[in-house]
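Please open the structure in your viewer and keep the selection panel at hand.

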Amino acid sequence: MDDLWERRAELSPSDQEARRHVAEAVDLLDTGIARVARVDDSNGEVVVDERAKRAVLLSFKVLEMTESTGGDFRHYDRTPLKKRLDGVRMVPGAIARWGSYLAPGTVLMPSFVNIGGYVDTGSMVDTWATVGSAAQIGRPAHHPHPVRLLRHLGHP
């Protein structure tokens, strides 16, 4: 990922090897194996996985625009809809992108979860809420300072 990041200006969807590496990294986010950020339980500080963060950003450089559908819902984007929904309740109007993690027991009301977002067990994303790219939502022991976490990732 570090090499791809250094070459990011020259990357495009035609670079199949870069696309493969980025897709593998984003797939780790999609399964919850990797996370863009977490709060260190020992000191409460936010720890950002720069490689995971870069994989999300690089995905917009190397993935092709494609049309996706889900029932009557259609979109044209670089990031497809999430397909791994094991143990997740997702009501009509909820949208989750590939590369977001939804733990079993998560409930999504009509809402949006962006790539890199992490929603932990037992959490509900309520109506019209957005879990932004790299936002981490869930059990308080893991995410006691969500505002600080978002600011650390470069959000105002």
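Which residue takes a positive phi in the hairpin of β3 and β4? In this predicted model, select the hairpin and look at the two residues between its strands. Gly71 is the residue in question, with a phi near 65°.

**The hairpin strands**

Now display the side chain of Arg74, which forms a salt bridge with that of Glu67, at 2.2 Å from N to O. Arg74 has a relative accessible area of 55% and is therefore exposed, the cut-off being over 50%. Glu67, at 46% relative accessibility, counts as partly exposed.

Next, select Asp77 and Arg97, whose side chains form a salt bridge with the closest N and O atoms 2.3 Å apart. Asp77 belongs to strand β4, whereas Arg97 sits in the loop between β6 and β7 (101-102). The pair thus links distant parts of the chain, 20 residues apart. Is Arg97 buried or exposed? Its relative accessible area is 10%, so Arg97 is buried, the cut-off being under 20%.

**The three-stranded sheet**

Select β6, β9 and β12 together. They form an open sheet in the order β6-β9-β12, with parallel pairing. The edge strands, each pairing on one side only, are β6 (95-96) and β12 (130-131). Strand β9, residues 112-113, runs parallel to β12 and is joined to β12 by two bridges. At this pairing, Val113 stands opposite Val131 of β12.

**Salt bridges involving the helices and beyond**

How many salt bridges does the structure hold? The total is twelve. One to select is that between Asp2 and Arg51, where the closest N and O atoms are 2.7 Å apart. Because Asp2 lies in helix α1 (residues 2-6) and Arg51 in helix α3 (residues 50-62), the pair ties together parts that are 49 residues apart in sequence. Asp2 itself is partly exposed, at 32% relative accessibility.

For the last stop, select Asp3, Arg7, Glu10 and Asp15, and display their side chains. These four residues are linked in a network of salt bridges.

How values were computed: Residues are numbered from 1 along each chain as its sequence is written. This is a predicted model: local features need pLDDT of at least 70, side-chain atom pairs count only at pLDDT 80 or more; totals for chains, interfaces and linings use all residues. Side-chain values use heavy atoms; hydrogens and water are left out. Two strands pair if DSSP finds at least two bridges between them. Helices (H or I, at least four residues) and strands (E, at least two) are DSSP runs, numbered from the N terminus. Buried means under 20% relative accessible area, exposed over 50%, partly exposed in between (1.4 Å probe, protein chains only).
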